[in-house]
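Here is a friendly note to read with the model open beside you.

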Amino acid sequence: MAEALCNGVVASPCAGDVGVGVAARVRGAVAALAESVLIGGYSTKSSFSAGRMAMTDRKARPLPRTLEAAPGQMNLSFPKAMRWWHKGLQPNMREIESAQDLADSLLNAGDKLVVVDFFSPGCGGCRALHPKIAQFAERNPDVMFLQVNYETHKSMCYSLHVHVLPFFRFYRGAEGRVSSFSCTNATIKKFKDALAKHGPERCSLGPARGLEESELMALAANKDLQFTYEKPVLVPLAEAIAKEAAAPGGPWFPLPVSATQLLLTQGPENNSLLSSGR
């Protein structure tokens, strides 16, 4: 029977067209059974009557060019958030870079009032107070506001005896340091009062004093800082007058020899000391 099926010949009690139709259907079934399906390189039998079918691993289709990323463009960069002590800065506000920068800024300020603001990025009170300080700077354009970052300049702050934050120091011309205090939002009246007291314009009789001499010497003695300070040499008053009078093109007329000798022969107890260069 199987051999007859393979040869497509089947005996049928019926004759004529019926036998031919049955034989054709038998041949189709035999052909379907004989078909093999390739799966991963192996041949297997299948009763599926749709003929030969190839099943292989499908390769991923390439992405459209519009979705392909060029090399080096996958790193996403986001702009850094502005630091809170840089927000609302006014033209008369800037951050100090070094101890030398602080000393020079105070000496070059002339008669202007200078407010030195000591802060720390992690200080909550400093952060809460900063917007108000920026408002004061906007309302007082003639006042200079200098910011000192405690975390960046710890050694300098230690030499200046700054141990609490937020902390403020006011400097004015030849008077030097005129006020020093710590305040927060709750005690902001301290800042307002100091600004009202020392803010009005005035004329100083002499150059700006800047930092105290003890502070300058402490900064110079600090090995962590690149700061130099030469203490002015004090000379007797008579010697200073004599040098000034003998200087070519000096503003004074030469003193009589007798007067100069009289001043030089006086003892040091009768002479005041003057700073050379003053």
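**Notes on the predicted model**

1. In strand S7, Phe167, Arg169 and Tyr171 point one way while Phe168, Phe170 and Arg172 point the other way, and all of them are buried. Buried here means under 20% relative accessible area, exposed means over 50%, and partly exposed lies in between, with a 1.4 Å probe and protein chains only. With 6 of its 6 residues buried, S7 is largely enclosed by the rest of the structure.

2. A word on conventions before going further. This is a predicted model, in which local features need pLDDT of at least 70 and side-chain atom pairs count only at pLDDT 80 or more, while totals for chains, interfaces and linings use all residues. Residues are numbered from 1 along each chain as its sequence is written, and side-chain values use heavy atoms, with hydrogens and water left out. Helices (H or I, at least four residues) and strands (E, at least two) are DSSP runs numbered from the N terminus.

3. For the overall picture, the protein has 9 helices and 10 strands. Of its 278 residues, 29% count as buried. Among contacts (heavy atoms within 4.5 Å) with a separation of 6 or more, 67% are between residues 24 or more positions apart. The accessible surface comes to about 19100 Å², and 58% of that belongs to carbon and sulfur atoms; the areas come from the Shrake-Rupley method with a 1.4 Å probe, and for residues only the protein chains shown count as cover.

4. Now the sheet that holds S7. Its 5 strands form an open sheet in the order S4-S6-S5-S7-S8, with mixed pairing; two strands pair if DSSP finds at least two bridges between them. S4 (93–95) and S8 are the edge strands, each pairing on one side only. From one strand to the next, the twist averages 20 degrees. Axes are lines fitted to C-alpha atoms, for helices over the stretch in contact, and angles run from 0 to 180 degrees between N-to-C directions.

5. The neighbours of S7 are worth a look. S5 and S7 run antiparallel and are joined by 6 bridges, with Phe118 opposite Phe167. S7 and S8 also run antiparallel, joined by 6 bridges, and here Phe167 stands opposite Ser182. The hairpin of S7 and S8 has 3 residues between the strands, and Gly173 in that hairpin takes a positive phi near 50 degrees. By contrast, S4 and S6 pair in the parallel sense over 3 bridges, and Arg94 has Leu146 of S6 as its bridge partner.

6. Which strands does helix H4 lie across? H4 lies across S4, S5, S6 and S7, and runs at about 160 degrees to S6.

7. Helix H6 (residues 189–198) has Phe191, Ala194, Leu195 and His198 as its buried residues. They sit on the same side of H6 because they cover an arc of only 100 degrees around the axis, the arc being that of the directions from the helix axis to the C-beta atoms. Lys189, Ala196 and Lys197 are exposed on the other side of H6. The cover over the buried residues of H6 includes S5 (113–119), H4 (124–139), S6 (144–149), S7 (167–172) and S8 (176–182). His198 counts as buried at 8% relative accessibility; leaving aside neighbours within four places in sequence, His198 is in contact with Leu113, Arg172, Val178 and Ser179.

8. The largest nonpolar core has 22 residues, of which Leu102, Leu106, Val116, Phe118, Met156 and Leu219 touch the most other members. Such a core is a set of buried Ala, Val, Leu, Ile, Met, Phe, Trp, Tyr and Cys residues joined through side-chain atoms within 4.5 Å. Two or more residues each come from H3 (99–107), S5, S6, H5 (154–159), S7 and H7 (213–221), and H3 gives the most, with 4 residues. A second, separate core of 18 residues includes Ala134, Ala137, Phe145 and Ile188.

9. Most residues other than glycine have a negative phi, and most peptide bonds are trans. His161 is exposed, with a relative accessible area of 56%.
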